[in-house]
Amino acid sequence: MTPEEILKVEQEIVLTLKNIYDPEIPVNIYDLGLIYEIDYTPDGTANILMTLTAPNCPMADMLVEDVNIQVGKVAGVKSVNVVLTFDPVWDKSMMSEEALLELNML
């Protein structure tokens, strides 16, 4: 797999993540800043390092499952590993400008 092919799959993963929304905030999890790292390997594994807006988020299981299912549908992805972390702790400075505009926080 060429570096260009790997980049294309990673871009598709980002587009997929931009279609997954936090059920409590009307912004997708990518622009919300919940995705810390995406690492796609040539063997078809997508490793996603993500966080939540709060450690006690009641929707944690649902969000992780949604990321697993939706990223698993991306062409070229054979397996998905989602790892939750709270280091660093999420705060609104991690949000994209689009998310801040959508929430009228700019």
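Helices (H or I, at least four residues) and strands (E, at least two) are DSSP runs, numbered from the N terminus. By that convention, the protein chain of this predicted model reads α-β-β-α-β-α along its sequence. The radius of gyration, taken over C-alpha atoms, is 14 Å, close to the 13 Å that the globule rule gives for 106 residues, so the chain is as compact as a globular protein of that length. The globule rule is 2.2 Å times the number of residues to the power 0.38.

Residues are numbered from 1 along each chain as its sequence is written. Local features need pLDDT of at least 70, side-chain atom pairs count only at pLDDT 80 or more, totals for chains, interfaces and linings use all residues, and side-chain values use heavy atoms, with hydrogens and water left out.

The three strands form an open sheet in the order β1-β2-β3, with mixed pairing; two strands pair if DSSP finds at least two bridges between them. At the edges stand β1 (35–40) and β3 (79–84), each of which pairs on one side only. Strand β2 (residues 45–50) is joined to β3 in the parallel sense over six bridges, and Leu49 has Val83 in β3 as its bridge partner.
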